[in-house]
Amino acid sequence: MARLYRDYRAPLLSFCVNLTGGDRHWAEDVVQETMLRAWRNAERLDPGAPSLMPWLATVARRIVIDEQRARRARPQEVSPEPLEFMPADDDVDHLLSGLAVAQVLARLSAPQRYAVVETVLRDRSVGEVAASLGVPVGTVKSRVHYAVRALRVALDSDIIR
């Protein structure tokens, strides 16, 4: 087996590099697998043959064909990039923004908070909110205006970030 490896490794590797489209690492794997199969089938090999290269080439070709079929049969492999560097969609930014808004809403007066929640978050009209509170429309508009301004100031400050 040592003589077989020594005599045929280089020409078999060259043959396998061509078979694998220039992928030297894959070709080396194919050579190793071919030599392993030769060792397992040593009793079938004819030591008196002028060359064992045709048998080795046939085995190598079959290994490459089997590997190509296996690659086509299974799903596309993922990128070799480490997963921690892969971009991923998540809602962390949205969640943090929501928490910041909740903190600022808690700081507003109850009438301002109610006016903003009802008009901005629940999408009710100023007239509907004014009617439910029994206050003039202008009062609700004023509360929303000052509440939104306070929200903007608080969210732009370094306190919330």
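**Entry 1: a surface patch**

I began with the surface, where Val92, Leu95, Leu96 and Leu99 form a nonpolar patch with about 380 Å² of accessible area together. For patches I took residues with over 30% relative accessible area and no salt bridge, joining nonpolar side chains (Val, Leu, Ile, Met, Phe, Trp, Tyr) within 5 Å and like charges within 9 Å. Accessible areas come from the Shrake-Rupley method with a 1.4 Å probe, and for residues only the protein chains shown count as cover. Val92 has its place in helix α4, residues 92-107, and with a relative accessible area of 43% Val92 is partly exposed. I use buried for under 20% relative accessible area, exposed for over 50% and partly exposed for what lies in between, with a 1.4 Å probe and protein chains only.

I note that this is a predicted model, in which local features need pLDDT of at least 70 and side-chain atom pairs count only at pLDDT 80 or more, while totals for chains, interfaces and linings use all residues. Residues are numbered from 1 along each chain as its sequence is written, and side-chain values use heavy atoms, with hydrogens and water left out.

**Entry 2: the whole chain**

I then looked up the secondary structure and found seven helices and zero strands in the protein chain, helices being DSSP runs of H or I with at least four residues and strands runs of E with at least two, numbered from the N terminus. The protein chain has 161 residues, of which buried residues make up 25%, and the chain exposes about 11,600 Å², with carbon and sulfur atoms supplying 54% of that area. Of the contacts (heavy atoms within 4.5 Å) between residues at least 6 apart in sequence, 56% join residues at least 24 apart.

**Entry 3: helix α2**

At the start of α2, a side-chain oxygen of Asp23 comes within 3.3 Å of the backbone nitrogen of His25. The buried residues in α2 are Trp26, Ala27, Val30, Val31, Thr34, Met35 and Ala38, and the buried residues of this helix pack against α1 (2-19) and α3 (53-73).

I searched the whole structure and found six salt bridges, each a side-chain nitrogen of Lys or Arg within 4 Å of a carboxyl oxygen of Asp or Glu. Glu28 and Arg24 form one of them, with the closest N and O atoms 3.4 Å apart, and because these two residues are four apart in helix α2, about one helical turn separates them. Glu28 is partly exposed at a relative accessible area of 32%, as is Arg24 at 45%.

The side chains of Arg37 and Glu33 meet in another salt bridge, at 2.9 Å from N to O, and this pair is also four residues apart in helix α2, about one helical turn. Arg37 is partly exposed at 29%, and Glu33 is partly exposed at 25%. I keep in mind that an α-helix has 3.6 residues a turn, so residues three or four places apart point the same way.

In helix α3, Glu67 and Arg71 lie four residues apart, about one turn of the helix, and their salt bridge has its closest N and O atoms 3.4 Å apart. Glu67 is partly exposed at 28%, and Arg71 counts as partly exposed at 40%. Elsewhere, salt bridges that share partners join Glu118, Arg122 and Arg124 into one network.

**Entry 4: helix α5 and what follows**

In α5 the buried residues are Gln112, Ala115, Val116, Val117, Glu118 and Thr119, and the buried residues of α5 pack against α4, α6 and α7. Asp123 is exposed, with a relative accessible area of 66%.

**Entry 5: Pro136**

Last, I looked up Pro136, which sits in the loop between α6 (126-133) and α7 (137-156) and counts as exposed at 53% relative accessibility. Pro136 and Val126 are ten residues apart in sequence, and their C-alpha atoms are 9.5 Å apart in space.

Technical notes:
Polar contact = N/O pair within 3.5 Å; in protein donor to acceptor, adjacent residues only side chain to side chain.
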